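Please look over the chain shown here. A short briefing goes with it.

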Amino acid sequence: MAESFEVALTVNGTHRAARVPARRLLSDLLRHDLGLTGTHVGCEHGVCGCCTVLLDGEPVRSCLMLAVTAAGHEVTTVEGLAEPDGTPSPVQRAFRECHGLQCGFCTPGFLCTVTALLRETPRPTEDQVLEGISGNLCRCTGYQNIVKSVHRAADLLTEET
Ligand code: FES
Ligand code: FES
C-alpha cells in the first residue's frame, strides 16, 4: 500500500488536515478529501485554469500541485471568496451583474484569478485584464462579458474601499 502523509493546511481561514498518498493532487485533496467541490477540474494538465485557487494569495493551478507541498500554507478556494455571512465578493457580484458566466464551469478559476489580479493591479488597463486572464479558458462566454466583469469588479472594489 502507498505510504500516506498527514497534510495540515489552512483552507478558507479554517485549519484542515487529511492523510493522503504522496501523489495526491491539491485539487483532489480539496475536492475529495475536504469536500470543497467548487474548485473545478477540467484538463488536469495546467492548461484550462478551472482548478485555480489562491495559495498564500497567489493564483496556482491546483491540478499541478501535490497536496503535500501545500502543507503549512494558506489556500483560498472559490468557497472562501464570499464574506463569512455569504455575501458575494465584489468580483463575484461583478461576474453576476455583467453575465461573466454561462455554464459556470470555468468560473471558480476566473474568480480566484481575478481576485488576485485586482489585488495586485486595482485599476487594470484592457491589456492588463487580457493578460491577467489569459491563463483561464472559457468555452461559453466569448470572454467579452468576463472582461467587462473584471472592469466592473475594479469599480466595485474602488467604491467599497
Ligand atoms: S484542471 Fe488544472 S489547469 Fe485545467
Ligand atoms: S462559463 Fe462555461 S466554460 Fe466558462
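The points below go from the overall fold to single residues.

This is a predicted model, in which local features need pLDDT of at least 70, side-chain atom pairs count only at pLDDT 80 or more, and totals for chains, interfaces and linings use all residues. Residues are numbered from 1 along each chain as its sequence is written, chains are lettered from A and ligands numbered from 1 in the order in which they are written, and side-chain values use heavy atoms, with hydrogens and water left out.

**Overall fold**
- The protein has five helices and five strands. Both are DSSP runs numbered from the N terminus: helices are H or I with at least four residues, strands are E with at least two.
- Starting at the N terminus, the order is β-β-α-β-β-β-α-α-α-α.
- The C-alpha trace spans about 50 × 30 × 25 Å along its principal axes.

**Burial, contacts and charge**
- Of the 161 residues, 43% count as buried. Buried means under 20% relative accessible area, exposed over 50%, and partly exposed in between (1.4 Å probe, protein chains only).
- Among contacts with a separation of 6 or more, 55% join residues 24 or more positions apart. A contact means heavy atoms within 4.5 Å.
- There are 13 positive and 19 negative side chains, and the centres of the two sets lie 6 Å apart. Lys and Arg count as positive, Asp and Glu as negative; His and the chain ends are not counted. Each charge is placed at NZ of Lys, CZ of Arg, CG of Asp or CD of Glu.

**V20 in strand 2**
- V20 sits in strand 2 (residues 14-21). V20 counts as buried because its relative accessibility is 1%.
- Beyond its neighbours within four places in sequence, V20 contacts E3, S4, F5, V7, L29, D33 and A67.
- E3 is 17 residues from V20 along the chain, with 8.4 Å between their C-alpha atoms.

**Strand 3 and its partners**
- Strand 3 (residues 52-55) is covered on both faces: T52 and L54 on one side, V53 and L55 on the other, are all buried.
- Strand 3 pairs with strand 4 (residues 58-61) in the antiparallel sense over four bridges. Pairing requires that DSSP finds at least two bridges between two strands.
- L55 has E58 of strand 4 as its bridge partner.
- Two residues lie between the strands of this hairpin, where D56 takes a positive phi near 50°.
- Strand 3 also pairs with strand 5 (residues 74-76), antiparallel, over two bridges. There, L54 has T76 as its bridge partner.
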